[in-house]
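This report describes the strand pairing and the ligand site of one protein model. The sequence and structure are shown first, and the description follows.

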Amino acid sequence: NVQKTFEYRIKPYGEQHLLIMARDVTRLTQLEQTRKDFVANVSHELRTPLTVLNGYLEMLQVSEQVPPELFSKAMTEMSIQSVRMQGLVEQLLILSRIEASSERVFENRVDVPQMLAIIETEALTLNQEKHHTIEFDVDSDLRVYGSDTELRSAFSNLIFNAIHYTPDGGNIRVSWQRQGHRAKFCVADNGDGIAAKHINRLTERFYRVDKARSRKTGGSGLGLAIVKHVLSHHNSKLEIKSQVGKGSEFFFYFSEELCIDKNHPEDEDMH
Ligand code: ADP
């Protein structure tokens, strides 16, 4: 029940007739709207930190003698805002690179266990302020065909989100295991959960359940949009199960053709 948009052209046809041509431009109009929304969103996201930066800069320029505590507050705030802008621009670049790429990702072998070990170290650093219990349950023999950079980005976005959005002292479980012939990656947390009405929209660019909270954690609103694109390159799809007050699970599967198992050397020769 999408409302259709048509473009009409009317031309004389012989002496007594008119030719009316109708073109369905629904898809084009939608794309144009998406593009406009995107530009508006990016501008808005950049304007907020820039306003704060400019405010502090002006204050520092006009004040003859800035008290040391105000000076140090201004420096901290300016640094937070510039890190935020840098994060946003980096995420935008990753997203546009992934969207533009027609790279066939199936030839490269990705050592997922090794990659997850590196992300685990980063997660522990991030966790210093949150004090969650984080458990990694990784099948050390399970690797896949895919893109290193893209998969690293997908895994870390899901893991870091669980750390950010779970209230302090929560439980987070990351698992990478065979399930039947497929490989399953899952991040489960016991955070606040997400109401059903938001779930389908989470992978839209800049969609956040709680904007203020996402900004506070340095979120750009692009993480899950990146995950969605990465997974579609790997013929997979992000699945989300969540219950308000109980927690969330973000997971996806890699099909049998993409799995490489060290214990079965014949898997390595199949491709
Ligand atoms: P952000 O940069 O804001 O984290 P994402 O695209 O990664 O953007 O996530 C979109 C939104 O999904 C977040 O702002 C947050 O509201 C919600 N979200 C993501 N992961 C979780 C989670 N594990 N628990 C609760 N909410 C989450």
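Predicted model: local features only at pLDDT ≥ 70, side-chain atom pairs only at ≥ 80, totals over all residues.

Three strands form an open sheet in the order 3-5-10, with antiparallel pairing. Its edge strands are strand 3 (109-110) and strand 10 (259-261), each of which pairs on one side only. Strand 3 is joined to strand 5 (residues 142-145) by 2 bridges, and these two strands run antiparallel. Within this pairing, Arg-109 has Tyr-145 of strand 5 as its bridge partner.

Strand 4 (residues 133-138) pairs with strand 6 (residues 171-179) in the parallel sense, over 6 bridges. One of the positions in this pairing is Glu-135, whose bridge partner in strand 6 is Arg-173. Strand 6 is also joined to strand 7 (residues 182-189), here by 8 bridges and in the antiparallel sense. Strands 6 and 7 form a hairpin with 2 residues between them, and Gly-180 in the turn has a positive phi of about 65°.

Glu-239 stands opposite Phe-251 in strand 9. This hairpin has 3 residues between its strands, and Gly-245 takes a positive phi near 85°. In a regular strand, side chains alternate between the two faces of the sheet.

**The ligand site**

Helix 4 (148-165), helix 7 (223-233) and strand 9 (247-254) each supply at least two residues of the ligand shell. Helix 4 provides the largest share, 3 residues.

How many residues surround the ligand, and which are the closest? The shell holds 19 residues, and the closest are Tyr-165, Ser-214, Ser-220, Gly-221 and Leu-224. By class, the shell comprises 9 nonpolar, 7 polar and 3 charged residues.

| Residue | Protein atom | Ligand atom | Distance |
|---|---|---|---|
| Val-209 | backbone N or O | oxygen | 3.1 Å |
| Gly-221 | backbone N or O | oxygen | 2.7 Å |
| Leu-224 | polar backbone atom | oxygen | 2.8 Å |

These distances count as polar contacts because each pair falls within the 3.5 Å cut-off for N or O atoms. Gly-221 and Leu-224, which belong to the closest residues of the shell, therefore take part through their backbone atoms under this cut-off.

How much of the accessible area of the ligand does the protein cover? On its own the ligand has 540 Å² of accessible area, of which the protein covers 95%. The space that the ligand takes is the largest pocket.

Conventions. Residues numbered from 1 in each chain as written. Heavy atoms only, no water. Near = heavy atom within 4 Å. Polar contact = N/O pair within 3.5 Å; in protein donor to acceptor, adjacent residues only side chain to side chain. Areas by Shrake-Rupley, 256 points an atom, 1.4 Å probe, with all protein chains shown as cover. 1 Å grid on protein atoms, 1.4 Å probe; cavity = no way out; pocket = protein on both sides within 12 Å on 5 of 7 lines; lining within 4 Å. Sits in = over half its atoms within 2 Å of the grid points. Helix = DSSP H or I, 4+ residues; strand = E, 2+ residues; numbered from the N terminus. Nonpolar A, V, L, I, M, F, W, Y, C, P; charged D, E, K, R; others polar. Pairing = 2+ DSSP bridges.
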